[in-house]
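Open the model in your viewer and switch to a cartoon view.

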Amino acid sequence: MIRSVLISVFALAITGCASNVITDYDSGAVFSTYESWNFVPARDGSEGYVSLDGSRIRKAIEREMEHENLQQVPAEEADLLVAWQIVTEERLERVGAGFGFGLGFGSGNFGWGIATQPPIEKVEEGKLVVELVDSQTRQVVWRAASRRYLEESQSAESRQKLIDRIVTDMFEEYPPGA
């Protein structure tokens, strides 16, 4: 009994330590040389519009870049350009339960049954991906992707808190090796 409780506690502790962010970087990049940044300009030069989540993400990135002591300057003067996107992924989720029915008799080899799988629903989720691009080489030097998802059903406050937490977790891994 005590052994199973200890194993359960240990498993929960290990699970709690699992990272919710995956990062990758260019090992040849010298991150200490980057002093300034801005967002990647729109391809057509227009500002367009920024969605509600886009505004939340931009503010969270601005806060983290300031925390990293990087100065926001016009894009044409920046050492790093920040690109971000919400990547939509579909997953299948079981909803409800299946059912079964059976009928049988003893020695007469008679039997009958029916069963169904639980209903399955496609669920669309969005995960945040942030990339830092060296403005001179136009190469991605650092990338972070969240393992946590935004869902349409979340409230504005819940989305803000999740985005802030995700972006903070991402930049805990920047600069690499620090």
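Two strands count as paired if DSSP finds at least two bridges between them. With that in hand, select strand 4 and strand 7: they pair in the antiparallel sense over 15 bridges. Keep in mind that this is a predicted model.

**The whole chain**

Zoom out. The protein has three helices and eight strands. Along the sequence they follow the pattern α-β-β-α-β-β-β-β-β-β-α. Of the 178 residues, 30% count as buried. Now turn on contacts. Among those between residues at least 6 apart in sequence, 73% join residues at least 24 apart.

**Along strand 7**

Return to strand 7. Pick Glu 121 there; its bridge partner is Glu 93. Strand 7 and strand 8 run antiparallel, joined by six bridges. Select Leu 132 and look across to strand 8: Trp 142 stands opposite. Follow the hairpin around its turn. Four residues lie between the two strands, and Arg 138 takes a positive phi near 60°.

**Leu 128**

Stay on strand 7 and select Leu 128. Is Leu 128 buried or exposed? Its relative accessible area is 6%, under the 20% cut-off, so Leu 128 is buried. What does Leu 128 touch? Leaving out residues up to four places away in sequence, its contacts include Ile 57, Trp 84, Ile 86, Ala 144, Ile 166, Val 167 and Met 170. Draw a distance from Leu 128 to Ile 166. Their C-alpha atoms are separated by 8.1 Å, although the two residues are 38 apart along the chain.

**The largest nonpolar core**

Show side chains. The largest nonpolar core has 27 residues. Those with the most contacts inside it are Leu 132, Trp 142, Met 170, Phe 171 and Tyr 174. Color the elements that give two or more residues to this core: strand 2 (36-39), helix 2 (52-67), strand 4 (80-94), strand 7 (120-134), strand 8 (139-146) and helix 3 (156-171). Helix 3 supplies the largest share, six residues.

Now center on Tyr 174. Not counting residues up to four places away in sequence, Tyr 174 touches Phe 31, Tyr 34, Glu 68, Leu 70, Leu 80, Leu 132 and Trp 142.

**Last stop**

Select Val 73, Ala 78, Leu 81 and Val 133. They are among the five residues of a second, separate core.

How values were computed
Residues numbered from 1 in each chain as written. Predicted model: local features only at pLDDT ≥ 70, side-chain atom pairs only at ≥ 80, totals over all residues. Heavy atoms only, no water. Core = buried A, V, L, I, M, F, W, Y, C linked by side-chain atoms within 4.5 Å. Buried < 20%, exposed > 50% of the residue type's maximum accessible area, 1.4 Å probe, protein only. Contact = heavy atoms within 4.5 Å.
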